[in-house]
Amino acid sequence: MNWNRDESLGKVESAVAEAVRRSDGDVRAAVRVVADEVARDLRVAATKGTAMLSTISALADGAARGAADSGADIGGVAEGFMIGAMRGADETPERTLAVIRHAADSFVKHALQSGFDAATAARGLAAGASEWADRCALAEDAAEGAAVQGAAVSADDVDARLGRKVRAALSGYARGAAPSVSRTR
């Protein structure tokens, strides 16, 4: 067991729960705080490659648990998580796409484990990838597509019907359609 990683997970869980409570329903404020926390933790970890992907998985777990602890809007937390992962990874555009796919895959799995709807989480992840794409020198549709792919693969791993539900919720999204991020749990 890696104590530093476990401690970071606990910090993210607490920070997400506290940010959501303090935001008092302001989803944009919660998105910003979650993004800042995830990006900071990734930068502090100062890992690259497989170790960074492992850190992203741990942060996804902490963020989903924090959202559950606070009764948060999982779409907003997912959006902030994706932005934070993209900011904190500080990778080349090609590697950022891999980070986006992995972050979406990890977050959907942990959101499901925490009792959230996969489609709502996936829409938040795609919205975050879209929002931050230009800052990572990525085309918006490429970033969205990577998030959609990661989320759908994760849902498929859990259950084929769930995978179809996520794909249906995100159909057209990577082709420029505006997301319909449901603000429900």
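I began with the cut-offs: buried means under 20% relative accessible area, exposed means over 50%, and partly exposed lies in between. I also noted that this is a predicted model.

Entry one. I looked up R28 and found that it forms a salt bridge with E131, with the closest N and O atoms 3.1 Å apart. This pair links distant parts of the chain, since R28 lies in helix α2 (residues 27-45) and E131 in helix α6 (residues 118-132), 103 residues apart.

Entry two. I turned to R87, which forms a salt bridge with D36, the closest N and O atoms being 2.9 Å apart. Here again distant parts of the chain are linked, with R87 in helix α4 (residues 74-89) and D36 in helix α2, 51 residues apart. For D36 I noted a relative accessibility of 34%, which counts as partly exposed.

I then asked which residue forms a salt bridge with R65. The partner is D61, and the closest N and O atoms are 2.8 Å apart. Both residues lie in helix α3 (residues 49-70), four residues apart, which is about one turn of the helix. R65 is partly exposed at 39%, whereas D61 has a relative accessibility of 13% and therefore counts as buried.

Last entry. I wrote down the total, which is 11 salt bridges.

Methods: Residues numbered from 1 in each chain as written. Predicted model: local features only at pLDDT ≥ 70, side-chain atom pairs only at ≥ 80, totals over all residues. Heavy atoms only, no water. Salt bridge = Lys/Arg side-chain N within 4 Å of Asp/Glu carboxyl O. Helix = DSSP H or I, 4+ residues; strand = E, 2+ residues; numbered from the N terminus. Buried < 20%, exposed > 50% of the residue type's maximum accessible area, 1.4 Å probe, protein only.
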